[in-house]
Amino acid sequence: MILITAPRFTTCPHLLLRHSDHSSSSPLRYKSINRSKISRSRSVSAASSSSSSLLPQPPLRPDKASELRALWKRFWKVAAPYWFSEDKDQARLRLAAVFVLTLATTGISVGFNFLGRDFYNALANKDQEQFTKQLLYYLCGFAGGIPFFVLRDYAKETLSLRWRSWMTKYYLQRYLKDQSFYKIQSQSMIDNPDQRIVDDLSSFTGTALSFSLTLFSATIDLISFSNILFTIYPPLFLVLLLYSFGGTAISVFVGKGLVNLNFLQEKKEADFRYSLVRVRENAESIAFYGGEENEMQLLLQRFRSAFDNLTELLIASRNLEFFTDGYRYLIQILPAAVVAPMFFSGKIEFGVINQSVSAFNHILGDFSLVVYQFQAISAFSAVIDRLGEFDDLLDNNISRDPSHTVEEIDLTYQSVGRSSLLDSNGTIQSRKKQKLLEIEALTLQTPTNGTTLVHNLFADIYDKDHLLIMGPSGSGKTSLLRAMAGLWRSGKGKITFYLNSQDDFTQDDSSGKRSSGDILFLPQRPYMVLGTLRQQLLYPAWSTSMEATPGSSKIDGSALDEPTTDDLMRTLENVRLGHIVDRFGGLDSLHEWSSVLSLGEQQRVAFARLLLSQPKLALLDESTSALDEANEAHLYQQIQSAGITYISIGHRQTLTKFHNKILHISTADSKSMERNWRVEDANAIEPITGAK
């Protein structure tokens, strides 16, 4: 009689861990990762590229070998930073503990192998006393062994969580640094960076640890059980090698179609989710248009595409499972069939048959990692590729078009101190307006195709020099503000901001980094943060975390203290929004502000931010487009009274009375190098200057 135990599964956050499918005398044995449960069945780069089979592999083609090397380099580049970070001591200590516990569980499995042999010998010999003793040993083994298996899994999951927490912060810092998030989105460099940070990092940390433990356990198993199996019957060891080698080769051949199907499924599912998010974010516009039917057709089209691909994926998985299931269950009888003649001839006892089956299953499982883990290995290789691509992009190792190089606009932030007030002979200059912005020979181009928008622009902006930028739609007005913000660098020329040295301001002449101290940009559609009304008003100058309390420090250490509640209430009254405090239940109420506030109210919230942070220079991109002329005039009067210098983009002629100068930009002629701009005095008809 041979005891065949049913598979036992342990659910984990990232994957499904399973104990030995076939071990009769080692019910606690940790085996492997279920091949079909890794995140949401990720895409694949090379099916067998992560193969860790301990069998000799067939010679690899040069291209396949290079794929393996590239995959390993990407894995190491993504995985290594944590193990050399500030948390390295704790990380390495916890990893060592996991491996020690894994080693202990392997030892327990070996012990159960011998217990099983004696247990079934007593049963076959009808020796009740010996059977009772072995049964007691078994129960004691369960009591002593279970804590090691539980603690090993717990230690692994907590280490995985700690690793994921560090990597999430690490990738978020780089994603939000130097406006990388904007460049990735605006130039469509990669798909779904949010999914890579949330899902791929989670899968990577959990799966990397699980595969590491699987390989470590497999190595120890080979050392522990190979000697047992070889001692029982050497030919059985040869059968094992042939069986596992053939199974690996067939699995790779039958399952190779899963590679592309998994990749396409991930993309199609992401497209479908993105379409649903767009419906939610643009619900009002769709409702106004009555576009429900069109949206339904688009959603169904994308779902149908994912459905059709998933159908093909299920068929391919079914074909693979025809083989893998047969492969898995055939080994239930294969070792017994090989050693049965020795039992019939009286050379071995019945318990040795059970012992050989257990040892055979252990070693075969180690040799057959590709068979059992084919989809998991494929999916994990896709996770490595996606994170590696993202990591390279954040390191500026990937560009959208490596062959296309363009000149860059030189954007600098220059500190203005007391020394600038002295003449060359050391005498104090007569008091005059401070220069805030200088634009020199600026030619602005689009970053995607290099279309020229502005030719050879010169402009100086001094304190209280309010400039209005006007021109037809598409002429490059907003693009000029993007260049000032450092979002667009394509073109040539120089933009220099002059900042007060007493303000703590992030400066980097090479990268053009800035912070919200002396300069504030107001887009046409204001950004509403996830948080309270108080946090809306304090953004972006002061910390806006959910735990923030009045009196917390300002980001970048500005000299301005955080406004009090009275300051916030007074500012809301100044922008004619005092009523919304009672309407929404106070400054600390939580709402989806982009939905509950009209666009006009959101624009007034943006002006409230401007009045609270009081920058030296504000750049307004049609920031009053949703307001009536009376409210528009009131807001401009408020920022004038606050002493803020501003540059506005607008189409209304009523804006001219709030500005000193007007910069007219016309649509550029691609065949001409003539300038397409002119500067006028807002109070005069004739232009005052056209060049510096």
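Trainee: What is the hand of the β-α-β unit made by strand β10, helix α20 (residues 629-641) and strand β11?

Mentor: This is a predicted model, in which local features need pLDDT of at least 70, side-chain atom pairs count only at pLDDT 80 or more, and totals for chains, interfaces and linings use all residues. Helices (H or I, at least four residues) and strands (E, at least two) are DSSP runs, numbered from the N terminus. A crossover is right-handed if, with the strands pointing away from the viewer, the path from the first strand over the helix to the second runs clockwise. The unit of β10, α20 and β11 is right-handed.

Trainee: Which residue of β11 is the bridge partner of D621?

Mentor: Residues are numbered from 1 along each chain as its sequence is written, and side-chain values use heavy atoms, with hydrogens and water left out. Two strands pair if DSSP finds at least two bridges between them. Strands β10 and β11 (residues 645-649) pair in the parallel sense over five bridges. Within β11, the partner of D621 is I649.

Trainee: Which residue stands opposite L617 of β10?

Mentor: Strand β10 also pairs with strand β9 (residues 519-522), in the parallel sense and over four bridges. Opposite L617 stands I519.

Trainee: Is E622 buried or exposed?

Mentor: E622 lies in the loop between β10 and α20. Its phi is positive, about 45 degrees, although E622 is not a glycine. At 17% relative accessibility, E622 counts as buried.

Trainee: What is the phi of R576?

Mentor: R576 belongs to the loop between α16 and α17 (579-584). At 40% relative accessibility, R576 counts as partly exposed. Although R576 is not a glycine, its phi is positive, about 65 degrees.

Trainee: Which residue follows helix α14?

Mentor: Helix α14 (residues 477-485) is largely enclosed by the rest of the structure, because seven of its nine residues are buried. Among these buried residues are L480, L481 and M484. The helix is followed by a residue with a positive phi, near 85 degrees, namely G486.

Trainee: Are α2 and α3 roughly parallel or roughly antiparallel to each other?

Mentor: The axes of α2 (residues 88-124) and α3 (residues 128-175) come within 9 Å and cross at roughly 160 degrees. Axes are lines fitted to C-alpha atoms, for helices over the stretch in contact, and angles run from 0 to 180 degrees between N-to-C directions. Angles under 35 degrees count as roughly parallel, over 145 as roughly antiparallel, 65 to 115 as roughly perpendicular and the rest as oblique. Helices α2 and α3 are therefore roughly antiparallel.

Trainee: How far apart in space are G388 and W76, C-alpha to C-alpha?

Mentor: G388 is found in helix α13 (residues 374-394). G388 is buried, with a relative accessible area of 3%. In sequence, G388 and W76 are 312 residues apart, while their C-alpha to C-alpha distance in space is 9.4 Å.

Trainee: What is the omega of the peptide bond from Y539 to P540?

Mentor: P540 is found in the loop between α15 (533-538) and α16 (565-574). The peptide bond from Y539 to P540 is cis, with omega near -5 degrees.

How values were computed:
Buried < 20%, exposed > 50% of the residue type's maximum accessible area, 1.4 Å probe, protein only.
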